[in-house]
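Visitor: I am new to this structure. Please show me how to read it.

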Amino acid sequence: MLLSIFIDVVKVIVVFAGFMIMIAYTTWFERRMVAFIQSRLGPNRVGPAGLLQPIADAFKLLFKEPFLPEKSNKVLFSLAPMIAFIPPILAVAVVPIGDTITIAGRKVELLISDLNIGILYVFALGSIGVYGLVLAGWSSNSKYSLLGGLRSSAQMISYEIGLGLSVVGLLMIAQTFSIAEIVRQQSGSVLNWYFFKQPVAFFLFFICAMAESNRLPFDLPEAESELVAGYHTEYPGMRFALFFLGEYAHMITVSMVTASLFFGGWSGPFLPPIVWFLIKVVAFLFIYVWVRGTLPRFRYDQLMRFGWLVIFPLTLVNILVTGLVMVL
Amino acid sequence: MSMLIFYILAIVAVVSALMVVTLRNVFHSALFLVLTLFSVAGIYVLLEAEFLAAVQVLIYVGAITILMIFAIMLTYQITSKSIRQVNEQVIPAVIIVLVFFVLSLVTLIKTSWPVSNKSLPGNNTFEIGRQLLSTYVIPFEVVSIVLLIALIGAIIISRQDGPSRPGQEDR
């Protein structure tokens, strides 16, 4: 009993610490990569290749004055960054980073909790994350923030439907919600990857997930060229950083879930499972950065039209075709 | 332990539900509604109905309440107004609610609630799906049709242009 609690605590600490480090270094990774795409160098002064830049940034932001705008709603204004930051971190709990291993005669699963509603849990947390943006937009009492908050709520609702429906086909084949089980079904051979069985679902899922995490080309809620900084216009210092890091946390979570659902998660030959898992996650993070560095932003009406008239029907067609193939 | 958690969740749910109907700022009411729905999801988890809990959060917290908040934010300066939560029919309302309360209390006490000895199915999500598409397929489909009708109704009401509405040409 005590030992299993101890193992759980260790797992939580390791995953949490690893995730935090990943968030910090994703900011560095993105700035360097976007710089290379744009023929610049990016941050390379603090530490070797700029590797200490995230730590320097964190210190800079921590020492800024955490003021509250005078006409804002103080409670909600403070609460919003936390709501934006926490859900994507919680979602990692159901993503397996390796197969079950045996330590001193005990079977230890390399994930924090194998919920049998796994993927639904991730979606539910994603839908809570919207509140961070909406509350920030409303409580700031500023027109740019409010517009950002409005846009985010509309965008999230539209793309959440696509996100949920895009994996239904996969769930029909897998017959389970548990991400650990889905990964296990894909181990063995590359051809077992659900990407090959559900390619359309993968693209729809990844596009919707990108929209959910407010990344370019879907970063309408912050759209710096029209809304100053959107929902976090009024936020200073570490509170702003929480939104910023929340976005990165969301990216990492999405990359982990995508790798697990469609690309076999930790499974792979020769290398240890955790290495395969990280390789796949970093590959998706790179795609995120690559898309950001190369694509222009959608216009707002295009965004909504794309969500409802392209993504939504395609997900339904995907479900229909999957069903047909399974029955025939 | 689980009893303690239940009471905490129940108190949060009831208190925030009261806030929803008494606060004068419509935005705050919507946020307390989120808290209520969230506590109910917690109670579902306590009852080992994880699927219901996840769907509760996904649909009610993530979609329906967000839609309400969206509508509130779109409405010009509605959040700076202090709304009235009662009107002149408060006395009849109280009487009816009291009658209903007594009625449900009596029912609650008098009914002998059946307790099943069967253990929970290991994967109750699977079981819910199976039941919905076999035993309860007709209610399930009827509900879908009701939702579809509501959807079409909403589209017809919100539709302003197009040749199908003859009264609109002179705009």
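Guide: Keep in mind that this is a predicted model. Start with one residue. B:Ala54 touches A:Ile117, A:Leu120, A:Tyr121 and A:Ala124, leaving aside residues up to four places away in sequence.

Visitor: Which residues touch the most other members of the largest nonpolar core?

Guide: First the general idea. Nonpolar side chains tend to be buried together in soluble globular proteins. Here the largest nonpolar core holds 107 residues. Those touching the most other members are A:Leu120, A:Ala124, A:Phe205, A:Cys208, A:Ile252, B:Ala54 and B:Val57.

Visitor: How many residues does each chain bring to the contact between chain B and chain A?

Guide: In general, the size of an interface is often given as the accessible area lost when the parts come together. Here we count residues instead. Chain B gives 17 residues and chain A gives 21 residues. On the side of chain B, helix H3 (residues 50-74) supplies the largest share, 14 residues. That side of chain B divides into 13 nonpolar residues, three polar and one charged.

Visitor: At what angle do helix H3 and helix H11 of chain A cross?

Guide: Two packed helices are described by the angle between their axes and the distance between the axes. In chain A, the axes of H3 (residues 74-91) and H11 (residues 237-262) come within 8 Å and cross at roughly 25°. Therefore H3(A) is roughly parallel to H11(A). Their crossing is left-handed.

Visitor: Which residues meet there, in H3(A) and H11(A)?

Guide: From H3(A), they include A:Pro81, A:Met82 and A:Phe85. From H11(A), they include A:Leu242, A:Phe243 and A:His250. The residues of this contact divide into 11 nonpolar, three polar and one charged.

Methods. Residues are numbered from 1 along each chain as its sequence is written. Chains are lettered from A and ligands numbered from 1 in the order in which they are written. This is a predicted model: local features need pLDDT of at least 70, side-chain atom pairs count only at pLDDT 80 or more; totals for chains, interfaces and linings use all residues. Axes are lines fitted to C-alpha atoms, for helices over the stretch in contact, and angles run from 0 to 180 degrees between N-to-C directions. Helices (H or I, at least four residues) and strands (E, at least two) are DSSP runs, numbered from the N terminus. Angles under 35 degrees count as roughly parallel, over 145 as roughly antiparallel, 65 to 115 as roughly perpendicular and the rest as oblique. A crossing is left-handed if the near helix is turned anticlockwise from the far one by less than a right angle, and right-handed if clockwise. Two residues are in contact if their C-beta atoms, placed from the backbone, lie within 7 Å. Ala, Val, Leu, Ile, Met, Phe, Trp, Tyr, Cys and Pro count as nonpolar, Asp, Glu, Lys and Arg as charged, and the others, Gly among them, as polar. A nonpolar core is a set of buried Ala, Val, Leu, Ile, Met, Phe, Trp, Tyr and Cys residues joined through C-beta atoms within 7 Å. A residue is buried if 20 or more other C-beta atoms lie within 10 Å of its own, exposed if 12 or fewer, and partly exposed in between; C-beta atoms are placed from the backbone.
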